Amino acid sequence: MVKLGNATAAIKPRGGTKAKVVGGLIAAVIVIIILFNIFNFASTDTNRIGLHYGGGIVEAKKFKSIIPPGSTNKMIGPGDTLYTYPIDQRSYIIGGDGADTDAADEVTVVSKDNVRLGVRVQVYFTLNRDKDVLKSFHERIGLKTEAYTDSGWDEMLKSYFRPQIDRALSAVATDYNWAELYNNESKKSAFQTAAAKEFTRLLPAAVGGDYFCGPGYNGNNDCGELSFTIQKPMPLDKGIIDGLEAKQRAELAKATQEQKNQQVNVELQSVQQQVKLLGAQGYLLKSAIESGKIQFMVIPQNGNVSIPVPTTTQQTPAQQPSR
């Protein structure tokens with residue numbers, strides 16, 4: 001009996017230890033779950049940069065730090081928020097394949113000679129990564145348009161880029177006639193340069209800062225200018241193009257006829273010179289010989305020449321018809 005009691009006493013503490021271990025594990029899991037609910041963990045993709053803003057119960061909502069691209073599980077405070085923005089090259093394309101607008105969309109401008117033209121535009125840029133500039137962009141533009149989301153980013157471009165593009169093109173189009181923009185490459189290039197300059201002036205004033213850099217900006221070099229290109233401006237009235245092409249065909253036909261007339265004049269002058277040199281009969285004889293209408297032979301002096309004489313076939317008496 002004594003041995004049995006000792007054995008029972010020995011087994012009982014072991015069960016208590018196991019229960020304590022299990023209980024400790026459960027408590028640890030609960031603590032971890034609580035910690036994960038109390039604290040946030042921020043991560044960013046390699047092509048996005050994060051802005052960490054406080055938002056806890058005991059602190060004001062304010063900017064705290066920049067979360068670099070490609071960060072993983074950066075712990076932030078309870079109630080804090082992470083906003084991320086793209087840092088790779090971005091574009092805003094109006095019209096055509098791959099456009100950010102409808103494929104048929106165009107910017108409408110009026111030329112110097114009052115012709116309405118449709119213009120398709122491509123703008124390439126990157127977001128300025130300077131901490132203060134990026135913070136200002138988020139608080140002035142990003143929060144209002146929710147540009148930290150894909151749909152909000154598109155809305156931001158539509159709200160701020162498109163109006164300034166329209167204004168820039170309209171402002172400089174009145175310096176050119178429509179035909180210059182349609183088929184004169186140097187004029188089109190000058191128009192594009194002037195429009196790009198005007199757009200880069202208007203955009204910072206509209207958004208409130210230099211929030212956008214050129215496509216070659218990487219965060220460590222100069223910001224640079226946005227890339228601004230346009231396609232050939234096209235008259236909205238297609239009949240104008242038909243009229244221009246008809247005019248060009250007429251001018252080409254006129255130029256061709258003028259070349260023919262010049263050639264005839266040259267040939268006439270040549271004939272006049274030959275008549276003057278050979279006389280009228282001499283020129284006619286020369287022309288006849290050259291055309292093959294008259295054949296002649298050169299006979300050597302004191303030479304014998306055999307000239308074939310054509311013969312006619314005579315009927316024999318037997319071939320004569322009988323009476």
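Is H52 buried or exposed? H52 counts as buried, because its relative accessibility is 7% (buried means under 20% relative accessible area, exposed over 50%, partly exposed in between, with a 1.4 Å probe and protein chains only). The model is a predicted one, in which local features need pLDDT of at least 70, side-chain atom pairs count only at pLDDT 80 or more, and totals for chains, interfaces and linings use all residues. Residues are numbered from 1 along each chain as its sequence is written, and side-chain values use heavy atoms, with hydrogens and water left out.

The protein chain holds six helices and 12 strands (DSSP runs numbered from the N terminus: helices are H or I with at least four residues, strands are E with at least two). Of its 323 residues, 28% count as buried. Contacts were also counted along the chain (contact means heavy atoms within 4.5 Å). Among those between residues at least 6 apart in sequence, 69% join residues at least 24 apart.

H52 is found in strand β2, residues 48-53. The side chains of H52 and D80 are joined by a polar contact of 2.8 Å (a pair of N or O atoms within 3.5 Å; within protein, one must be able to donate a hydrogen and the other to accept it, and residues adjacent in sequence count only if both atoms are side-chain atoms). Neighbours within four places in sequence aside, H52 is in contact with K62, F63, K64, S65, I67, I76, G77, D80, T81 and L82.

The loop between β3 (63-67) and β4 (74-76) contains S71. S71 counts as buried, because its relative accessibility is 9%. Its side chain reaches the backbone oxygen of P68 at 2.7 Å. Residues up to four places away in sequence not counted, S71 touches S43 and T44. N73 is found in the loop between β3 and β4 too. N73 counts as exposed, at 51% relative accessibility. Its phi is positive, about 50°, although N73 is not a glycine.

N114 lies in the loop between β7 (107-110) and β8 (116-119). Phi of N114 is near 60°, a positive value in a residue other than glycine. N114 is exposed, with a relative accessible area of 65%.

Helix α2 covers residues 131-145. At 1.5 Å a residue, its 15 residues should span 21 Å, and its end C-alpha atoms are 20 Å apart, which agrees (the expected span is 1.5 Å times one less than the number of residues). α2 bends by about 45° at H138 (the bend is the angle between axes fitted to the seven residues ending there and the seven starting there). H138 is one of the buried residues of α2, along with L134, F137, I141, G142 and T145. At the start of α2, a side-chain oxygen of D130 reaches to within 3.2 Å of the backbone nitrogen of D132. Just after the helix, E146 takes a positive phi of about 55°.

Helix α3, residues 150-173, has 24 residues. From first C-alpha to last it reaches 33 Å, close to the 34 Å expected. α3 bends by about 30° at F161, and the proline P163 follows within four residues.

Helix α5 has 23 residues and reaches 33 Å between its first and last C-alpha, close to the 33 Å expected. Its buried residues are K188, F191, A195, A196, E198, F199, L202, L203 and V207. The cover over these residues includes β9 (121-127), α2, α3, α4 (178-183), β10 (212-213) and β11 (227-230). G208 follows α5 and has a positive phi, near 95°.

The loop between β10 and β11 holds G216. At 56% relative accessibility, G216 counts as exposed. G216 and F125 are 91 residues apart in sequence and 8.0 Å apart in space, C-alpha to C-alpha.

The largest pocket holds about 150 Å³ of space. Of the 13 residues that line this pocket, the closest to its centre are T200, P204, D210, F212 and L226. Helix α5 (residues 185-207) gives the most to the lining, with five residues. On a 1 Å grid over the protein atoms alone, a pocket is an open set of points where a 1.4 Å probe fits, with protein on both sides within 12 Å along at least five of seven lines; lining residues have an atom within 4 Å of a point. Grid points are joined across faces, edges and corners, and the volume is the space filled by probe spheres set on the points.
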